[in-house]
Amino acid sequence: MKFIRIAGLYIFIASVVVFSATVFMGTYTLSEASIKGSFGGKDVRVTETFAAVAKENGVLDKTYNSQFTFMNDVVGLFHKHNKRVSEAVAEETGISTSETDKIIVAASKSGKVAYTKEVLQSVLPEAKVKMLDGATNWMYSPGKTYDSVDAFKNDLTNKINEINRSQAGNYLLYDNKYSRFDITERAATGIISDNKVLFLFLTFGLGIIGSLMFIIAGLFLKPIPGIKNNGIYLNNATNRGWVGIAAFGFLVAFYVLLYFHPYIIANWTNIVDPLKGFFIEGASASQWFLYGILYCVSMIVMGIRMFIKYRHNQYQVVRTASVLFFQIIFAFLLVEILPLFDLPGVDLKNAWPLDYNFLTDWNVKNYLAAGHLGKFMFFWGIILSIIIVPTLVYFYGKRWYCSWVCGCGGLAETLGDPYRQLSDKRLIAWRIERWTIYPTLIFAIIMTVVVGYNTYNIINDPANIGNSTFLGINAYKINEWYGFLIGSIFAGVIGTGFYPILGNRSWCRFGCPLAAYMGIVQRFKSRFRITTNGGQCISCGNCSTYCEQGIDVRSYAQKGQNIVRSSCVGCGICSAVCPRGVLKLENGPDDGATRHEIPEVILGNDVNLFEMLEENK
Amino acid sequence: MEHIVIIGNGISGVTAARHIRKLSDKRITIISAETEYFFSRTALMYVYMGHMKIEHTQPYENWFWRKNRIELKKGFVKQVKDASKELVFASGETMKYDKLIIATGSKPNKFGWPGQDLDGVMGMYHKQDLENLEKYAPNNKVCKRAVIVGGGLIGIELAEMLQSRDIPVTFLVRETSFWNGVLPAGESAMINEHIKEHHIDLRLGVNLQEIKADEHGKVKSIIIKETGEEIECTVVGLTAGVSPNIDFLKDSNIELGRGVKVNRRLETNVKDIYAIGDCAEQHEAIGNRRPIEAVWYTGRMMGETLAQTICGNPRDYNPGHWFNSAKFLDIEYQTYGWVFGERGRPAYEQHFHWKHPDKHICITVAFHKETKEFLGINTFGIRMRHHAFDKWLNEKRSVEYVLEHLADANFDPEFYKLHEKTIVAQFNQENNTNIQLKKKSWKRIFSY
Ligand SMILES: Cc1cc2nc3c(=O)[nH]c(=O)nc-3n(C[C@H](O)[C@H](O)[C@H](O)COP(=O)(O)OP(=O)(O)OC[C@H]3O[C@@H](n4cnc5c(N)ncnc54)[C@H](O)[C@@H]3O)c2cc1C
Ligand code: SF4
Ligand code: SF4
């Protein structure tokens, strides 16, 4: 068994090495076919022009050994492509350079400017006259005079460029993380693209096999159930030692690449293409599909570890099964399957404000475009956030979401479980927590109001597009900033990347606006509390150490006080690790005192008992 | 300002200090030779096992003491000059006090075994013992085998500690079954089984003859008295109980027995000197309690009580109903009221014992043969609500009443399988009763 365990560890490490190595493997070749694949949704003009530009610049069918040199050249192509397309479009439906020149010549008489509709009519076909006149008639309006031809030329070319750009809009390619990814992913050639299934096995397959060997062998090595936190603080992986730091580096790098430079990890998405194929034949996986697969795989494997580790604790078993269920069915499968039925591919359990895009125009349009069911789903999202969430928090505490349903929580409770002890228990951390989580909630609310108002305007009257400012804030800008700062950096890079440093719930504790919202309900109006068992606490500190939310549980338990804290996610681990059976997560009637009271004397020391009994006689 | 000096920064001394601070503005100093800051002795094992670091065992952050104006002094008190109200430290320093609280805890028992002071022989009480253990038993390469002498709560903790690093353990227990001085037979047998299941070499009914040294003065082996068997080992843990740590008081005027003799007010025979916690010995035992109670809870309660007395509300130390808890490897144990083992069991005490057919779960309920009054309960593998039993004991409820309301007392985490039904059914069958288990009621629970 020992051998199997060690072998499993090596197999797992090998899979991580292969996985990392695949980033640097394979080649990249831009071909006509790959371009069609990348821009399949766009007009043929795009693919054709891009291919032509690529060919002229010697990039087409050239094989690159690294995605970086490849991207260097491709970025240049974007620029050239756009120029080419704009010119061509201007020629056809816009105003070309030669036409512009003609207008200027016709409009300038011996150094003076005499611009009129007739000037346009003299050089342009009727359709173009109409278009340009509409945009420039202010230039010959009464009171408008040009002192120099140059000033006129300047105004005119600006307007013409604007027109041309909007005409060419559909054919332009923007250099951003999405287009970079789309191109690179399809252009990947060589060993990985030719052997996707093999690499799927060498990375995901071996990773799963190795870690399961490691985990399941542990069951046979320590066959008697019970809390076994042995060696956690003696182990480099879990005490912020070098293995932990390495894992931290890996996770942070992963999130940075995933969120900001997905083209670099295009090979990883190619590796999971065969899995995407189960949903749509021949489809190519996006970075989000890759993320979903990794998420589910990590949760399942580490969920099995949870089942084994806490097999004596029914609460942990049921709770882990629940988060796995919601992750696999709701956050993953349904998101893949719903679009097959022309419904929005949304995670139906993802409640606002955790789902910060809920009220964006594109999201709402998505719902409304999908018929009755789509509308119902939109309605469900609203009900979920404003009725179901607080009601269930009232009855069961926020744990029903954080520890039973949520995806972030689910990952934290499975993949993150080995790191839970690293959360900071100091009072100062609690102070900081309140200074970060509530402002994040406020940020989320303001963002949502601005975005929601904009969406309402647009849906009411599509002509309002373009006027997207409310309270002096631009809806798209604030949404983008929120997504960048909170959605990507805080929830992803810090929230998960920092598991091995800050513990497994730093996002849930310091950032999550939904947690903040539910926390307020839990603190002031809920039946949930962790009951302290009279005087039984021996102040050992296991509960505080293993509280992933950094709650100093012991400070309550040793006073005989119930734990009623907005941040408690009800994971139940404090109760599980307590060697004296002091803590119980309970939902009971909330009549104030029974939840919040601090006893004068801890049970067991009846200072007044004898007097009291005397009196009663 | 009156200066209260407390020797010992364990639970009893610290509790006294905290409560004195709550009630008054007196100057408070806590002295300890062991550590600068208070830590939880009960958690020492988890540090060696890697569950925690020593800082996690400290119930208060380091700023707490200054904020609450509790002065901390590290040093060993070698003498108490009660006539001049002065302490003398090992370093030669002195300190004046107005009132002195002795809360110096315990030290491990040593019964004069040959070799008991060799390198590699240690108790498991102080932080220094932990450091010693780390030195002599860092892993199973350095420590090929450890022998533990004495089958109490600390002994089994030490066994669990060593086992967490895969160090083979031989466990010498004088009694014929583990802790059967306290536990009824069925429970004690279950623990024996559980110890063996963990591959701990449990030897029952044996005593230590001597500890043998190698040429460097280090432990080499031990000899068992009864059989003469020699067991090779690197480490010997002495866990045959503890006794009050009061040697430094020998030449003072304070009356000493096994511990510092105190009355119900926790006063010694010398005015303005008090003793609490493990080191205090009551002139007369309180109820079924022992004169020296070396447990966490009683130390805390004495601290709470004495703070009242010192701050002008004189009070007797008046502990309520006995309760305790422990963990035997993976089996949690709680007790409320009195359940006696074979030894010292009163004739009127009758037991009802229920055990899960295949899990390490059982309970023993003690009640009065004639009056059927509920006397106490031991639970293993089931958590029970302290408040419920405390109230039932106060109200002198009958065993039938307790069983009828047993569901109220369950304190296991949610979704655990409940055993009250089978427990009550078995009781009914054995006693020809017809107790109907009541459903758990929040209303009653809040009234407990
Ligand atoms: C390993 C272990 C596990 C335990 N588990 C449990 C349990 O689960 N439940 C339970 O109820 N009890 C348990 N106990 C018992 C419990 O820890 C003690 O009863 C309790 O700690 C006693 O507290 P105290 O304040 O009286 O003394 P202590 O905690 O012993 O503190 C006394 C302090 O005074 C210092 N001191 C002594 N003499 C001097 C001097 N002359 N000068 C300066 N300083 C001095 C000592 O170094 C020590 O730091 C356990 C004990 C041990 C060792
Ligand atoms: S207090 Fe307990 S249940 Fe709540 S988050 Fe902390 S460990 Fe989990
Ligand atoms: S784990 Fe249990 S005994 Fe230890 S400090 Fe927490 S509540 Fe108290």
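Modeller: Let's start with B:D117, which counts as exposed at 61% relative accessibility. The labels go by relative accessible area with a 1.4 Å probe and protein chains only: buried is under 20%, exposed is over 50%, and partly exposed is in between. Keep in mind that this is a predicted model, where local features need pLDDT of at least 70, side-chain atom pairs count only at pLDDT 80 or more, and totals for chains, interfaces and linings use all residues. For bookkeeping, residues are numbered from 1 along each chain as its sequence is written, chains are lettered from A and ligands numbered from 1 in the order in which they are written, and side-chain values use heavy atoms, with hydrogens and water left out.

Colleague: Which residue forms a salt bridge with B:D117?

Modeller: The general idea first: side chains of opposite charge can pair when their charged atoms come close. Here a salt bridge needs a side-chain nitrogen of Lys or Arg within 4 Å of a carboxyl oxygen of Asp or Glu. The partner of B:D117 is B:K110, with the closest N and O atoms 2.8 Å apart. B:K110 itself is partly exposed, with a relative accessible area of 43%.

Colleague: How many salt bridges does that rule give over all chains?

Modeller: The count comes to 53. Take A:R319 and A:E413, whose closest N and O atoms are 3.3 Å apart. That pair links distant parts of chain A: A:R319 is in helix α16 and A:E413 in helix α20 (residues 407–414), 94 residues apart. Helices here are DSSP runs (H or I, at least four residues), as are strands (E, at least two), numbered from the N terminus.

Colleague: Is A:R319 buried or exposed?

Modeller: Buried, because its relative accessibility is 1%. A:E413 is buried too, at 2%. Both belong to a salt-bridge network that also includes A:R305, A:K309, A:D417, A:R420, A:R505 and A:E548.

Colleague: Which salt bridge involves B:E414?

Modeller: B:E414 meets A:R399 at 2.8 Å, N to O. B:E414 sits in the loop between α10 and α11 of chain B, while A:R399 is in helix α19 (residues 399–402) of chain A, so this pair joins two chains. Each partner counts as buried: B:E414 has 18% relative accessible area, and A:R399 has 3%.

Colleague: Now rings. How many aromatic pairs are there over all chains?

Modeller: There are 65. One of them is A:F50 with A:F78, where the centres are 6.0 Å apart and the planes at 40°, so the pair is tilted. Again distant parts of the chain are linked: A:F50 lies in helix α3 (residues 44–56) and A:F78 in helix α4 (residues 67–92) of chain A, 28 residues apart. A:F50 is buried at 0%, and A:F78 is buried at 2%.

Colleague: How do I read those two ring values?

Modeller: A pair of aromatic rings is described by the distance of the centres and the angle of the planes. Rings of Phe, Tyr and Trp (its six-membered ring) pair if their centres lie within 6.5 Å; planes under 30 degrees apart are stacked, over 60 edge-to-face, and the rest tilted.

Colleague: What about A:Y315 and B:F415?

Modeller: They're stacked, at 6.1 Å centre to centre and 20° between the planes. A:Y315 is in helix α16 (residues 314–337) of chain A, and B:F415 is in the loop between α10 (406–409) and α11 (420–431) of chain B, so the pair joins two chains. A:Y315 is buried at 3%, whereas B:F415 is partly exposed at 45%.
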